[in-house]
Amino acid sequence: MSTPEPAWSPLELDALSAAAGPGWSVTLHGTAASTNALAAQDPVADTIVVADHQTAGRGRLDRSWETPPGSALTFSVVVDPGIADHDWPLLPLAVALAVADGVRREADVPVVLKWPNDLLVRSSAGDDLKVCGILLERVQSAAGVPLAVIGIGINVGLRAEDLPVPTATSLAIAGSSVSRTAVFGSVVPALATILDALRTEPGAVLERYRTECDTIGREVTVSLPDGEELTGTATGLDRSGRLLVGERPIGAGDVVHVRPT
């Protein structure tokens, strides 16, 4: 556990670069609309774009992701996954595992995974509250190489009165006073480790995600992109990482865990 930064203190580039470790090129913006948008403008593998304050972040399904200045860790990592096209759908699942590893290691908070790549903290009341969102985009480098822009937003120091929605939480609310820089320094190496594993043993990464995904075995309601709503039991994942609701594979949709009675 690290010594916490003072509340709302600005991030520092030297500290972030040291926390990321060798092999990464880190840039820091005091304020940015979207780190994913900045990273995608001229994508270069092994670069990380960090915003001290992100003003127009996006989550999955084009949802906004906004937090007060100094309270969240928002950054985008550009990587060359080095995987076959048919394994790209596994990338969001692998990233979720990596972020969970980093958060657990540094903040000692019992996060769980919701398909495909949300991190949740279970409250004392039994509610699953979102602490982190991940957004992946596939882009091309100037040389035409397919790259992944991985946007990560972690609620670190938000207070209860700052939460944008009642289904959100933060590491601070969950009882951890860890700093944003320390979380960054734990998540980035975990991401590098899981990407190495995905390149060599994609099946093993998928199997690990199956064992850690809290959605599997739950009653869920899924809002599909075409407007259909599907309710049933999440029975597992197929080889492409799609969620099985009953026997029906779901590749994209907004999943809500139905709280047991």
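Tutor: We shall take the sheets, then the helices, then some details of the backbone. Please keep in mind that this is a predicted model.

Student: How many bridges join β7 to β8?

Tutor: Four bridges join β7 (residues 118–122) to β8 (residues 128–140), and these two strands run antiparallel.

Student: Which strands stand at the edges of the open sheet of five strands?

Tutor: That sheet has antiparallel pairing in the order β13-β12-β11-β10-β14. Its edges are β13 (248–250) and β14 (254–257), each with a single partner strand, so one side of each has no neighbour in the sheet. Strand β12 (residues 243–245) is joined to β13 by three bridges and runs antiparallel to it; the partner of Leu243 in β13 is Ile250.

Student: Which residues of helix α5 are buried?

Tutor: The general idea comes from helix geometry. An α-helix has 3.6 residues a turn, so residues three or four places apart point the same way. In α5 (residues 202–212), the buried residues are Pro202, Val205, Leu206 and Tyr209. Viewed down the axis of α5, they fall within an arc of 100°, so they line one face of the helix. These buried residues pack against α3, β6, α4 (180–200) and β11 (229–237).

Student: How do α3 and α5 pack, in terms of angle and of the distance between their axes?

Tutor: A helix pair is described by its angle, its axis distance and its handedness. For α3 and α5, the angle is about 60° and the axes lie 10 Å apart. The angle makes α3 oblique to α5, and the crossing is left-handed. The residues that meet include Leu93, Ala94 and Leu97 in α3, and Val205, Leu206 and Tyr209 in α5.

Student: At what angle do the axes of α1 and α4 cross?

Tutor: The axes of α1 (residues 13–20) and α4 come within 8 Å and cross at roughly 30°. This makes α1 roughly parallel to α4. Their crossing is right-handed. Ala15, Leu16, Ala19 and Ala20 in α1 meet residues of α4, among them Phe184, Gly185 and Val188.

Student: Which peptide bond is cis, and where is Asp46 located?

Tutor: Most residues other than glycine have a negative phi, and most peptide bonds are trans. The bond from Trp115 to Pro116 is cis, with omega near 0°, and Pro116 is found in the loop between β6 and β7. Asp46, although not a glycine, has a positive phi of about 70°; this residue lies in the loop between α2 (35–41) and β2 (47–54).

Student: Is Asp108 buried or exposed?

Tutor: Asp108 is exposed, with a relative accessible area of 63%. This residue lies in the loop between α3 and β6, and its phi is positive, near 55°. Asp46, at 37% relative accessibility, counts as partly exposed.

Methods
Residues are numbered from 1 along each chain as its sequence is written. This is a predicted model: local features need pLDDT of at least 70, side-chain atom pairs count only at pLDDT 80 or more; totals for chains, interfaces and linings use all residues. Side-chain values use heavy atoms; hydrogens and water are left out. Two strands pair if DSSP finds at least two bridges between them. Buried means under 20% relative accessible area, exposed over 50%, partly exposed in between (1.4 Å probe, protein chains only). The arc is that of the directions from the helix axis to the C-beta atoms. Contact means heavy atoms within 4.5 Å. Axes are lines fitted to C-alpha atoms, for helices over the stretch in contact, and angles run from 0 to 180 degrees between N-to-C directions. Angles under 35 degrees count as roughly parallel, over 145 as roughly antiparallel, 65 to 115 as roughly perpendicular and the rest as oblique. A crossing is left-handed if the near helix is turned anticlockwise from the far one by less than a right angle, and right-handed if clockwise.
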